[in-house]
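Colleague: I am new to this structure and would like a short tour. Could you take me through it once it is on the screen?

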Amino acid sequence: MLRFLLGRLANGAIVMVLVSMLSFSLFNFIGDPVSNLVGENATVNEREAMRRSLGLDQPLPLQYLKFVGRAVQGEFGVSYRNIEPVSRVIASRLPATLELSLVAAVLALGVGIPMGVYAGLKPRSLLTRGLQVISLVGISVPSFVTGIILILIFSISLNWLPSFGRGDTVLLGVWNTGLLTVTGWKSLVMPAITLALFQLTLFMRLTRTQMMEVLRSEYIKFARARGLRERSINYRHALRNTLIPIITVAGLQLGSMIAFSIITETVFQWPGLGLLIIQAISFGDVPVIAAYLLLIALLFVLINMVVDLLYFAVDPRLRAQR
Amino acid sequence: MKLSTLRRTAIGFATCAAMATAGAATFTWSSNLDALSMDPHSTNNSFTNAFVSNIYESLVRFNDKLQIEPALATSWKLVSPTVWRYTLRQGVKFHNGESFDADDVVFSWQRVNTPGSLVKGNLSDLKDVRKVDAYTVDVETNAPLPTLNNEMVQLLIMDKGWSEQNRAAEASDLGRQKENFANRNANGTGPFKLISREVDTRRVLAANSGWWDKPKHNLTQVMFTPIKSDATRTSSLISGGIDASISVPLQDVPRLKSVATLEVVQGPELRTIFMGMDQSRDELLYSDVKGKNPFKDLRVRQAVYQAIDVEALKRSVMRGASWPAGNLLSPYLNGSPVALNKRLLPFNPEASKTLLKEAGYPNGFTVGMQCPNDRYVYDEALCLAMSSMLAKVGIKTNLMIEPTVKWSVRLNSNDVSLYMVGHAGLPMADVYGLLKDVVATRTGKEGSLNAGKYSNPKFDAYLPQIASEIEPARRAKLIEEAVTIERADVSHIPLHQQPVTWATRKGIALSQAPDNQMRLWLVRVNDK
């Protein structure tokens with residue numbers, strides 16, 4: 001078990017190094033933040049002075065080594081756009097994204113899996129067919145369209161929900177939460193649905209196929225032959241065996257919801273990491289982009305590790321082999 | 001600042017907040033951008049400068065006609081050709097209760113010159129600011145400077161005591177990776193105080209009840225909420241989530257006009273959009289012409305001029321909302337030669353073809369066209385339209401459309417052939433800055449946006465005279481002569497002034513000016 005964990009950690013470290021190198025080599029193509037800072041009336045000399053003082057005139061490998069040297073000490077520099085330490089900028093945005101992603105994940109798993117189980121158990125019922133059609137829509141409509149349609153209905157026509165922002169937030173220590181206020185929840189509804197819709201339909205379809213496959217397997221037939229109750233067959237035996245692929249996908253999807261909620265956050269002006277990164281890219285805010293990419297790499301490494309550990313919990317065969 | 005002052009300020013803030021929740025005039029507005037910093041000296045981003053001008057003030061200010069009026073100074077006079085004496089307003093208090101005097105002016109001038117400051121370029125004609133007595137300062141300029149007051153607008157005054165106490169006596173410095181208190185907090189003398197700041201979420205301002213001026217506005221609280229997505233901003237206006245937006249996409253104007261509770265406020269911006277051409281390289285980049293540069297030939301530049309139909313651009317790209325330009329200077333800039341604001345050459349594709357034939361390009365040529373896609377109103381669509389106009393006279397363009405961060409690198413490094421660019425003449429709102437940045441020969445200090453490296457020594461000779469001529473009539477004549485030279489050379493091809501498009505709930509008077517800045521101290525909310 002310990003060896004397994006150490007191996008995973010070493011893998012993760014290699015991934016981090018590769019990601020940081022790759023992301024840094026991309027900065028050549030991002031463009032130049034200088035014009036955004038000094039204004040359009042700046043002279044050639046002023047622009048050059050700014051480039052020099054930001055170290056942008058140095059060769060890229062040198063810039064990379066300096067970045068790594070600072071990053072190892074947990075120092076990511078100052079954001080060009082907000083002139084604030086990058087660590088503070090990211091820390092202030094993390095709660096918004098995590099709350100949004102977690103609520104969306106609960107929605108996606110909590111609704112998607114039961115729908116999938118139902119569809120797997122009763123593949124021919126009318127409700128299943130209806131769900132299938134809906135899921136097809138959910139999987140094929142891009143999320144910015146979903147977001148705008150929701151805004152059209154619930155903000156413009158009905159005027160029930162706010163179309164942007166996070167509502168009122170409460171500061172709990174360092175965590176700025178929107179889950180404790182009415183306006184916070186009202187603001188969360190549409191972004192969470194927008195972010196969850198694709199995942200929800202994905203989980204429904206995945207669960208359904210897995211379920212149907214497991215139900216055809218021999219041990220289910222044996223269980224039937226033994227005269228076990230239908231409920232116990234469906235939920236204790238069949239569902240549990242469908243869970244392994246679902247856990248894998250769920251882990252990765254949660255990671256991508258946190259990392260790539262960019263579109264949803266932009267549509268709803270949700271002040272999280274996705275909005276931060278899209279604005280950093282259009283501003284050329286290199287320190288924020290670099291730190292963000294590292295953070296996301298770390299996140300995926302950790303999620304994969306947790307997923308691997310969950311396999312042990314769900315599948316006894318893995319424990320036996322070790 | 002003593003503790004008792006602190007407590008009083010806190011009580012003051014609490015009272016304001018209580019008043020606001022009681023339903024007094026709260027004004028919520030939005031833009032696609034957020035202010036970068038609250039430090040009035042640490043960035044030179046036009047939206048940020050405009051935003052902090054509601055909190056910090058200078059000795060003088062612009063009104064909504066962009067005319068200079070007194071602010072922290074009550075009067076000024078010339079004591080020698082290069083020294084101006086300003087009499088400061090007495091009894092002015094900063095938001096924390098401290099008094100304003102000459103020491104704060106001198107301190108702010110020194111702070112502007114600290115390494116992290118990015119506004120010192122806006123004040124580059126100033127040599128020194130000296131205290132004469134507690135309420136008098138002398139401002140010395142490098143040369144006689146008729147536009148000193150336009151430049152002084154950029155010298156926003158901070159409180160010496162507050163800045164030193166909070167270790168913010170120097171501007172935040174990106175180069176040294178140093179950030180300070182003034183980046184996140186503010187203490188000015190202006191009509192509004194900063195209550196809270198959450199980046200990309202909201203800024204809350206409250207009216208400064210102790211403001212020295214009699215307020216024209218009737219706001220008690222102001223909420224600024226940046227919204228990046230155009231569609232979301234528009235729908236928030238319609239659903240009433242915000243009261244006003246100062247970045248309305250042109251395609252949403254008809255939709256907003258159809259809403260009974262909203263109105264659209266539109267006018268020409270100071271910014272003129274124009275096309276530049278590489279006139280320095282011996283071989284044009286991104287072109288099939290080898291060994292020479294067609295844009296060095298005046299006839300080719302005239303041919304491009306006559307091939308572009310600015311009225312058609314106005315009609316079909318700008319949805320009627322543009323003001324075709326006769327030169328690079330908006331008529332609203334101080335000193336603008338309004339008589340020259342008519343097209344030099346008419347739109348005429350046949351004449352254009354003849355000129356190309358005379359210049360030795362009977363079949364035209366191919367050239368790369370560099371355009372931004374997120375910088376100006378409909379920049380990308382304008383380039384697409386011009387591309388097909390130019391094709392009709394035989395100039396085939398390879399469109400090179402890029403985001404601003406990439407396009408600006410090209411402009412800075414002269415990596416251009418035929419390119420779109422614009423300039424608003426800000427922050428001084430005077431013709432000199434634009435002529436210096438765009439038309440002057442490129443050196444370390446001039447011609448920073450002259451990416452095509454147009455250069456005419458006769459024009460350059462006029463610039464120092466325009467900069468230092470105090471007598472208005474003589475200055476106007478110099479400007480007219482200089483612009484006539486640049487126009488005859490077709491240094492650039494002016495297209496139009498783009499629109500400032502704002503929208504607001506009916507019953508709110510916004511006081512829009514051509515510099516696209518929200519002056520909250522002129523906003524009136526009449527009834528809900």
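This is a predicted model: local features need pLDDT of at least 70, side-chain atom pairs count only at pLDDT 80 or more; totals for chains, interfaces and linings use all residues.

Colleague: What is the handedness of the crossing of α14(B) and α15(B)?

Modeller: The crossing of these two helices is left-handed.

Colleague: Which residues of α14(B) and α15(B) meet?

Modeller: From α14(B) there are Lys458(B), Phe459(B), Tyr462(B), Gln465(B) and Ile466(B). They meet Arg475(B), Leu478(B), Ile479(B), Glu481(B), Ala482(B), Ile485(B) and Glu486(B) of α15(B). The contact of α14(B) with α15(B) comprises seven nonpolar residues, one polar and four charged.

Colleague: Where is the cis peptide bond at Pro427(B), and what is its omega?

Modeller: The bond runs from Leu426(B) to Pro427(B), and its omega is near 10 degrees. Pro427(B) lies in the loop between β16 (418-423) and α13 (431-439) of chain B.

Colleague: One more stop in chain B, then. What surrounds Cys371(B)?

Modeller: Cys371(B) is found in strand β14 (residues 365-372) of chain B. Leaving aside neighbours within four places in sequence, Cys371(B) is in contact with Asp379(B), Glu380(B), Cys383(B), Leu399(B), Ile401(B) and Met420(B). Cys371(B) counts as buried, because 25 C-beta neighbours lie inside 10 Å. The C-alpha atoms of Cys371(B) and Trp407(B) are 6.8 Å apart, although the two residues are 36 residues apart in sequence.

Colleague: Let us turn to chain A. How many helices and strands does chain A have?

Modeller: Chain A has 14 helices and two strands. Its C-alpha trace spans about 85 × 60 × 35 Å along the principal axes. Of the 322 residues in chain A, 39% are buried. Among contacts in chain A with a separation of 6 or more, 72% are between residues 24 or more positions apart.

Colleague: Where does Met211(A) lie, and what does Met211(A) touch?

Modeller: Met211(A) lies in helix α8 (residues 182-215) of chain A. Not counting residues up to four places away in sequence, Met211(A) touches Gly116(A), Val117(A), Gly120(A), Leu121(A), Ala238(A) and Thr242(A). The C-alpha atoms of Met211(A) and Leu239(A) are separated by 6.6 Å, and these residues are 28 residues apart along the chain. With 23 C-beta neighbours inside 10 Å, Met211(A) counts as buried.

Colleague: What about helix α9 (residues 218-225) of chain A, and how many of its eight residues are buried?

Modeller: The number buried is zero, so α9(A) lies largely in the open. After α9(A) comes Gly227(A), whose phi is positive, near 80 degrees.

Colleague: How do the axes of α9(A) and α10(A) cross?

Modeller: The axes of α9(A) and helix α10 (residues 230-259) of chain A come within 11 Å and cross at roughly 150 degrees. That makes α9(A) roughly antiparallel to α10(A). The crossing of α9(A) and α10(A) is right-handed. The contact is made by Tyr219(A), Ile220(A), Ala223(A) and Arg224(A) of α9(A) and by Ile233(A), His237(A) and Ala238(A) of α10(A).

Colleague: Finally, how many residues of chain A and chain B are in contact?

Modeller: There are 46 residues of chain A in contact with 47 residues of chain B. On the side of chain A that touches chain B, α3(A) gives the most, with six residues. The residues of that side divide into 20 nonpolar, 19 polar and seven charged.

Conventions:
Residues are numbered from 1 along each chain as its sequence is written. Chains are lettered from A and ligands numbered from 1 in the order in which they are written. Two residues are in contact if their C-beta atoms, placed from the backbone, lie within 7 Å. Helices (H or I, at least four residues) and strands (E, at least two) are DSSP runs, numbered from the N terminus. Ala, Val, Leu, Ile, Met, Phe, Trp, Tyr, Cys and Pro count as nonpolar, Asp, Glu, Lys and Arg as charged, and the others, Gly among them, as polar. A crossing is left-handed if the near helix is turned anticlockwise from the far one by less than a right angle, and right-handed if clockwise. A residue is buried if 20 or more other C-beta atoms lie within 10 Å of its own, exposed if 12 or fewer, and partly exposed in between; C-beta atoms are placed from the backbone. Axes are lines fitted to C-alpha atoms, for helices over the stretch in contact, and angles run from 0 to 180 degrees between N-to-C directions. Angles under 35 degrees count as roughly parallel, over 145 as roughly antiparallel, 65 to 115 as roughly perpendicular and the rest as oblique.
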